Amino acid sequence: MEALIALVIGVLVSCGVYLLLRARTFPVILGLTLLSYGVNLFIFVMGRLRTGAPAVVNKGDSLSSTLNYADPLPQALVLTAIVIGFAMTAFLLVLALRARAELGNDHVDGTAGLGEKPVKPVRPLEEDEV
Amino acid sequence: MSHLLIAPLLLPLLTAVLLIFLSGRSLLLIRCLSIISTALLVAVAIALLQVANDGQIHLYALGNWMPPFGIVLVLDRLSALMLLVTAVLALFSLVYAARGTDGPGDKLHAMVQFLLLGVNGAFLTGDLFNLFVFFEVLLIASYALLLHGRGAERARAGLHYVVINLAGSALFLIAVSALYGITGSLNMADMAVKIAQLDPADAPLAATAGVLLLVVFGLKAAIAPLYFWLPRAYASASAPVAALFAIMTKVGVYTIVRTYTLIFGDSAGPLANLALPWLWPLGLITLALGLLGALAARELRIQIAYLVVVSVGTLLAGVALNTEAALAASFYYLIHSTWICGALFLLANLIQRQRGDLGDRITKGPRMAQSALLGSLFFIAAVSVIGLPPLSGFIGKLLLLSAAGTQGNAIWLWVLLLAGSLATLMALSRSGSTFFWRAEGDVVSTQDSTNPVANSSDAGKPLAQKGELLAVIGLLLCIFMVTLGASTVLDYTQALAQQLLSPEAYIQAMHKFTAIEGN
């Protein structure tokens, strides 16, 4: 199972990095999302892979029997990471839309590519959008 | 004392929440609350500085959970100093913002408070994952602050800044979880103990994670080759925000120092001083590239942003020397460089507003309405940032050079630091003489200006107002105080360096810590 998980993480991260290096904002956002999926999986795996092991230790258990339990901490960490990653992706999407509106194109540098007509900014932003 | 340690987190947090609820009400009320809260934060930081100055490591266990399982806040001389530097800078930035630059909308003050929460948290926490969380808090506040106001340039620079920091966060998570997987702990002191007793088979993985952490912190600190996002982002931010961001690179420097003296310090066995061979060349390269940028800059704010990069390079070179004297000099220089860069960003905004369409471009332009006043302030700030006597920049650089000695590689620091001072002198005399002496024609009346910059949100009125001048002069006065009280400050940074280089005390404090009895 370890090899499979490692492979999945590797594929997710490499796809994420590839998309991150693209020139348009939307692939970049998708790349960051894939990257964060890979990272979340990695955090989870760092608690070691175990099947059928409970995360909560019973009161009477001795120290040696805790070896049969799953590490609950990475699960808490991954939850935090998911929440933060989700919020950041949402923010980045809004920002990309705003950049598209203000710069007139969706290139990450805000400049139209070769052979493209520069487009005028879509509309001026309203006061309360700032 | 016991609960004072959490005050630097609670105060900005509660103020920020309150300010969000007050949004839409009187702007005067919001400004007053924000400034009063930050002034209180300065007072708290001074109190904590006195507490930390007894040389002990003070711990605060959140929720009374025992370390290494619970999250602890740690106050030592270094974190207390960083808290004070942040609070003072934030106070003057907010005073500046309150004179009109905080429009449009009224969210700037709340966001600044959230930023302070994140920065203070990063300085105080003793837990690596908690550090990640506070980094995210300060980053999301900084995204909002960077984009505050409008303009295509801000959207462009903001997009780069956000994307690169999100990628950095992903790397941070990989590094932290890999370290957790190896050591089974997230508490920095506990991790230091575990790293020292590491199974040699795990050492390469731990080293990878350690170097990955350096990449992440280097991204925040803007060390070469990871600083390219900085000049554009800082130059496009509104003035008080740019001034406040002067502390953000120092957060990166702080985390580098903390991590590589505590976790990967002298006693870390096979991984001892993991980052030092990297820090020395990278610091010097950052210094050199920052100088080239400052010389080549065509706009004043870009030039100042490159001076921020220069200060980071200087600091890192000092840290990489890893001696007590060098660390003491570096932290003296850190106080100076943070405040002076903040003051320069504020001053750049005042200059820019009086030059009509030209903004802060370094070209011959019309005379400024308050040429003499702004010119004198610019001169003082320039003298300080260049490192000419008698101001604090000179003392900082002198100490750094004397700490470096003349042995072996130190010669490079001498060359770069001295040539760097000359280059900064040239760069700033170019911009200063262009702005104030090569002016011709009449004073522009900014009313009929069609310049988008002058008309955008942060232009405000062209004439410098009393509050804005107060902010700039206040920061410069703080620099004077650091200069005049140099021996006191140096005694403190000396003790700070001593404390940093003997992390055993930090680890001991963590082990001896007992939970508070009772309910």
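A residue is buried if 20 or more other C-beta atoms, placed from the backbone, lie within 10 Å of its own. This is a predicted model, in which local features need pLDDT of at least 70 and side-chain atom pairs count only at pLDDT 80 or more, while totals for chains, interfaces and linings use all residues. Residues are numbered from 1 along each chain as its sequence is written, and chains are lettered from A in the order in which they are written.

Q: What share of chain A counts as buried?
A: By that cut-off, 28% of the 130 residues of chain A are buried.

Q: Why are α12(B) and α13(B) called roughly antiparallel?
A: Their angle is about 175 degrees, and angles over 145 degrees, on a scale from 0 to 180 between N-to-C directions, count as roughly antiparallel. The two helices are therefore roughly antiparallel to each other.

Q: How do you know which residues of chain B are in contact with chain A?
A: Two residues are in contact if their C-beta atoms, placed from the backbone, lie within 7 Å. In this way 25 residues of chain B are in contact with 29 residues of chain A. Helices α5 (128-146) and α6 (152-183) of chain B each give two or more residues to that side, and α6(B) gives the most, with 16 residues.

Key: Helices (H or I, at least four residues) and strands (E, at least two) are DSSP runs, numbered from the N terminus. Angles under 35 degrees count as roughly parallel, over 145 as roughly antiparallel, 65 to 115 as roughly perpendicular and the rest as oblique. A residue is buried if 20 or more other C-beta atoms lie within 10 Å of its own, exposed if 12 or fewer, and partly exposed in between; C-beta atoms are placed from the backbone.
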